[in-house]
Amino acid sequence: MSEALLDIEATAQPALWRKALASRNLMIGAALTLFFAGMALLSFVWTPYSVTGVNIAAKLQTASAEHWLGTDHFGRDILSMIMVGARASIAVAIVAVGIGMGLGVPLGLAAAANRGGLLDEIIMRGNDLVFAFPSLVIAILITAIWGPGAVNAIIAIGIFNVPVFARLTRGAALSLWKREFILAARVAGKGAARISVEHILPNVANLLIVQGTIQFSLGILAEAALSYVGLGTQPPVPSWGRMLAESQTLIYTSPHLAVIPGLAIVLTVLGLNLMGDGLRDLFDPRIRKAR
Amino acid sequence: MLRYAFRRFASLCISLIVASAVIFFAIEVIPGDPARYMLGINAQEDTLAALREQLGLNVPTHQRYLNWITGMVQGDFGTSYTYRSPVADMIGERLWISLPLALYALTLSTLIAFPAGILAAARRGSALDAGVMGVTQLGVAVPNFWFAMLMVVLFAINLRWFSAGGFAGWEAGFFPAMKSLTLPAVALALPQASILARVMRSALIDTLGEDFIRTARAKGLTKRQAMWRHALRNALIPVLTIIGLQFSFLMAGAIIIEQVFFLPGIGRLVFQSITQRDLIVVESVVMLLVFAVIVVNFAVDLAYAWVDPRLRGAR
């Protein structure tokens, strides 16, 4: 049976790639995401100017040959700040999704394996409880105790992601537990944990990738909001949300300070959302037909 | 229905107790000595003792938790250390800005999303549908506080239709007060409306594919009649859930949007309290927000079970 499955996969693979290349959403989304991820990576080795270099003589310039996106009130190069800011946004969102998946998926698998049992009930009620604490509220709590910082943002967004992945995994796993191939695995003597890892997990992986993309984009938005209100990334590390907060008093005279970081956020989030939509259509053609 | 409601109520109470314990533990136990935390490292010993006395820190932890809970149930949230006034009054005052703002945004988002979602579903595949989907795709990606800033530039600075921030106060009259909440509410409503329009559209499209719609059409109803009389009502169920879930995002979003417009609401209060280390205020505001989310979800669950009897036995 496993050989037959492998055969199907082997023939399905090139078709999947071709479909991926033909999906407009996926391609535009992936291009936008790669662009910003590439900028973030490039900023580790090169930025046009130093992001901590203050040059008051060159402050509040609009786009020019020297400063492609202009400068801020300290004369810092905005393009360089956007590049380094991408790092903070992407890093926070990735780690937060990692926390959500790392804790949520095992919890969801355990709940489904224990469906109807006490463990299932405890996990699901725990989920409901965490859902009652929006990321912002968790961030407020953490900041009140330990002070602001990027780590707060990661923890706050990460905790909020846990029930999202736990519910999704449990829901998908529940329907799989009723399928014949799982029954076959049980008859073969495999335990619940082994079935969850070897059979359930691979079958919910696509779903998790799609949801991961969506949570990634929500994470970018949440990080920007937390940094904007001062609960996230702290100075002097540039972040898109804080660039927006700093631009607020200068918006009358230098609107470009507010427009550019905002556009960076919108394009990154849009890219991830389009990629998520494209992946979902790709993995589950039935949804595409239904829409 | 009554049994279901009772079960849900019991689980509501447990959620509230556990949530309050988590918040109490985070704010009052983790920092060690809250009095020392609030006064800083250079505090005099007698000042510390006075504050401990005032905060009621001289009793065991579990007794403090019980005092806090019973106080809150009776409407006594304690006294703010920095403002020296009852926290309940301070929250009450600011709630008169944050709550109307959230409700205003919820209304706007529903008013925008319903027609947009219904039109897109009714003319599925048309240019209008593509337009709605495109705009909502963008709406979901735009941070609401950035959209708010752009609106300030356009409507307050360039066109001068609205003020760039501040709150007129309810004493100035209903309309001036609502006017100062309009730009914040629109900013808050945009992403929510985008999500809601998408949910409305897909729920309606799903329902329009159901057998009972085919039966209705076979009976001789026009497409429009089948949609308004049968499909819409059934599509509302998932939409209502999303509206309930959105309430918590609106409350949290209101806290952020208040910063853009310098509105003296709950958000201002909590951020000031964080910088002033006024833990009592932070604790109370967080509890209030969590309380609101839990209670709204409870109400949505009940409404849901009332609309759809099949769900009563589901959990």
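1. Helices (H or I, at least four residues) and strands (E, at least two) are DSSP runs, numbered from the N terminus. Just after α9(B), B:Gly220 takes a positive phi of about 115 degrees.

2. Before going on, some housekeeping. This is a predicted model, in which local features need pLDDT of at least 70 and side-chain atom pairs count only at pLDDT 80 or more, while totals for chains, interfaces and linings use all residues. Residues are numbered from 1 along each chain as its sequence is written, and chains are lettered from A and ligands numbered from 1 in the order in which they are written.

3. How far does the predictor trust chain A? pLDDT is the predictor's confidence in each residue, from 0 to 100. Chain A averages 85, and 93% of its residues score at least 70. Within chain A, helix α3 (residues 78–113) has the highest confidence, at 92, and helix α11 (residues 285–290) the lowest, at a mean of 49. Two residues are in contact if their C-beta atoms, placed from the backbone, lie within 7 Å.

4. Now the overall look of chain A. You'll find 11 helices and zero strands. Its C-alpha trace spans about 75 × 50 × 35 Å along the principal axes. Of the 291 residues of chain A, 47% count as buried. Take the contacts in chain A between residues at least 6 apart in sequence: 71% of them join residues at least 24 apart.

5. One helix pair to look at in chain A is α3(A) with α10(A). They pack at an angle of about 40 degrees, with their axes 11 Å apart. That makes α3(A) oblique to α10(A). Axes are lines fitted to C-alpha atoms, for helices over the stretch in contact, and angles run from 0 to 180 degrees between N-to-C directions. Angles under 35 degrees count as roughly parallel, over 145 as roughly antiparallel, 65 to 115 as roughly perpendicular and the rest as oblique. From α3(A), the contact uses A:Ile78, A:Ile82, A:Gly85 and A:Ser89, and from α10(A) it uses A:Ile260, A:Pro261, A:Ala264 and A:Thr268. These residues divide into five nonpolar, three polar and no charged. (Ala, Val, Leu, Ile, Met, Phe, Trp, Tyr, Cys and Pro count as nonpolar, Asp, Glu, Lys and Arg as charged, and the others, Gly among them, as polar.)

6. On to where the chains meet. Chain A gives 30 residues to the contact and chain B gives 37. On the chain A side, α4 (118–131), α5 (135–146), α8 (192–228) and α10 (256–283) each supply at least two residues. That side divides into 24 nonpolar, four polar and two charged residues. Look at B:Ile274, which sits in helix α11 (residues 266–275) of chain B. Not counting residues up to four places away in sequence, B:Ile274 touches A:Ile140, A:Thr143, A:Ala144 and B:Val282. With 23 C-beta neighbours inside 10 Å, B:Ile274 counts as buried.

7. Most residues other than glycine have a negative phi, and most peptide bonds are trans. B:Arg160, not a glycine, has a positive phi of about 60 degrees; B:Arg160 is exposed, with 9 other C-beta atoms within 10 Å. B:Phe262 has a positive phi of about 50 degrees and is partly exposed, with 13 other C-beta atoms within 10 Å. In chain A, the peptide bond from A:Pro235 to A:Pro236 is cis, with omega near 5 degrees.

Conventions
A residue is buried if 20 or more other C-beta atoms lie within 10 Å of its own, exposed if 12 or fewer, and partly exposed in between; C-beta atoms are placed from the backbone.
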